[in-house]
Amino acid sequence: MAQEVRGVVAHSKGKPVSVETIVIPDPGPGEAVVQIQACGVCHTDLHYREGGINDEFPFLLGHEAAGIVESVGEGVTEVAPGDFVILNWRAVCGQCRACRKGKPWYCFNTHNATQKMTLKSGQELSPALGIGAFCEKTLVAAGQCTKVNPAAKPQVAGLLGCGVMAGIGAAINTGGVGRGDSIAVIGCGGVGDAAIAGAELAGATTIIAVDRDPRKLEWAKGFGATHTVNAAETDPVEAIKEATGGFGADVVVDAVGRPETWKQAFFARDLAGTVVLVGVPTPDMTAPEIPMIEYFGRGGSLKSSWYGDCLPSRDFPALVDLHLQGRLPLEKFVSEEIGLDDIESAFEKMHRGDVLRSVVVL
Ligand SMILES: [Zn+2]
Ligand SMILES: [Zn+2]
């Protein structure tokens with residue numbers, strides 16, 4: 001029987017969100033209902049509220065979550081009621097041209113629940129990234145549930161569902177950072193700091209954090225930055241070269257996603273180095289003008305990283321285990337724990353850069 005729970009809804013462009021009664025249908029074939037324990041507040045949630053993703057209001061926000069599977073529909077074998085899971089927005093199909101080529105992290109046809117969650121009026125909701133987890137329970141495709149070690153705290157594990165995975169994956173999966181490498185990360189919010197934590201985990205020996213906010217540079221040190229550069233005071237390209245023997249870094253991650261930061265990343269890498277764009281540009285931005293000979297002459301690669309090129313079934317359990325072994329300090333990303341009624345104030349704190357992550361705990 002359908003259940004009624006509380007959840008956070010964005011009704012229209014730019015308007016404050018509100019807590020509403022959400023109707024959750026029983027899981028159909030291939031679906032699962034998950035009782036949410038914790039869900040981080042991500043920039044993408046604010047983006048939905050601002051109408052920056054699409055116009056399919058009303059949205060059920062929240063997508064960076066962990067919880068317990070409550071019930072599963074017909075044919076679901078990968079998870080069972082009682083399993084502790086992180087929700088993902090890359091439930092791979094196994095059938096598309098990327099999956100068939102053995103590159104499922106690029107899957108072009110990821111799964112979401114088929115049925116709709118609704119308001120009490122019957123109006124259908126669009127769940128953020130096909131999840132909708134600022135809610136006591138949510139309905140997802142069973143493939144969106146990734147089982148991990150239940151010894152991890154939900155408020156920490158859930159962060160791997162989006163921003164932290166995006167950052168770690170940008171460094172390790174997309175950038176291919178490994179033992180002895182140098183990396184620079186431009187923009188040290190949640191995603192940038194996760195890239196730093198990932199680089200440290202992978203054995204990078206020079207990890208340069210770049211930001212304009214001294215508080216963020218301090219946080220970056222806590223995740224493993226060996227050098228910090230205040231871009232408000234120093235030219236980051238020069239500073240990165242200086243920290244790498246005059247050459248530039250093997251990998252530069254742009255976690256801001258603006259033409260000027262991407263240009264800095266381009267010129268701050270070593271010959272044959274890699275630029276990874278993980279910060280999300282706005283549609284009005286265009287690539288900076290760079291002489292074409294520079295693209296050719298410097299070699300290397302210019303990449304974009306979507307969700308850290310992660311494969312949830314491969315990456316989430318491993319990263320949770322590394323965290324439990326004390327090798328990945330995910331708890332440092334949790335700046336505060338809040339309730340469902342506090343989302344608007346969490347958006348403000350995020351916008352001001354006062355927090356790495358506010359996490360709703362249910
Ligand atoms: Zn696929
Ligand atoms: Zn997100």
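Predicted model: local features only at pLDDT ≥ 70, side-chain atom pairs only at ≥ 80, totals over all residues.

User: How many bridges join S14 to S15?

Analyst: Five bridges join strand S14 (residues 249–254) to strand S15 (residues 269–277), and the two run parallel. To pick out one pair, Val253 has Val276 in S15 as its bridge partner.

User: What about S11, which strand do its five bridges join it to?

Analyst: Those five bridges go to strand S12 (residues 206–211), and S11 and S12 run parallel. Across from Ile183 you will find Ile207 in S12.

User: Is S11 mostly covered or mostly open?

Analyst: S11 is mostly covered, with five of its five residues buried. Ser182, Ala184 and Ile186 point one way from the strand, while Ile183 and Val185 point the other way, and all are buried. In a regular strand the side chains alternate between the two faces of the sheet.

User: Nice. Switching to helices: at what angle do H4 and H5 pack?

Analyst: Helix H4 (residues 163–174) and helix H5 (residues 190–202) pack at an angle of about 45°, and their axes are 7 Å apart. That angle makes H4 oblique to H5. H4 passes H5 in a right-handed crossing.

User: Which residues make the contact?

Analyst: From H4 they are Gly163, Val164, Ala166, Gly167, Ile168, Ala170, Ala171 and Ile172. From H5 they are Gly190, Val191, Gly192, Asp193, Ala194, Ala195, Ala197, Gly198, Ala199 and Ala202. Sorted by type, the residues of the contact of H4 with H5 are twelve nonpolar, five polar and one charged.

User: How many residues of H4 are buried?

Analyst: Twelve of its twelve residues are buried, so H4 counts as mostly covered. The buried residues of H4 include Met165, Gly169, Asn173 and Thr174. After H4 comes Gly176, which has a positive phi near 65°.

User: Can we zoom in on one residue? Where is Ala194, and why does it count as buried?

Analyst: Ala194 sits in helix H5. It counts as buried because it has 32 C-beta neighbours inside 10 Å, and the cut-off for buried is 20 or more.

User: What is Ala194 in contact with, leaving aside neighbours within four places in sequence?

Analyst: Ala194 is in contact with Gly163, Val164, Ala166, Gly167 and Ile168. Ala166 is 28 residues away along the chain, and its C-alpha atom is separated from that of Ala194 by 7.8 Å.

User: One last stop: Glu331. Where is it, and does it count as buried or exposed?

Analyst: Glu331 is in the loop between helix H10 (312–324) and strand S17 (334–338). Glu331 counts as exposed because it has 12 C-beta neighbours inside 10 Å, and 12 or fewer is the cut-off for exposed. The C-alpha atoms of Glu331 and Arg215 are separated by 18 Å, with the two residues 116 apart along the chain.

Technical notes
Residues numbered from 1 in each chain as written. Chains lettered and ligands numbered in written order. Axes fitted to C-alpha atoms, helices over the stretch in contact; angles between N-to-C directions. Helix = DSSP H or I, 4+ residues; strand = E, 2+ residues; numbered from the N terminus. Parallel < 35°, antiparallel > 145°, perpendicular 65-115°, else oblique. Left-handed = near helix turned anticlockwise from the far one by under 90°. Contact = placed C-beta atoms within 7 Å. Nonpolar A, V, L, I, M, F, W, Y, C, P; charged D, E, K, R; others polar. Pairing = 2+ DSSP bridges.
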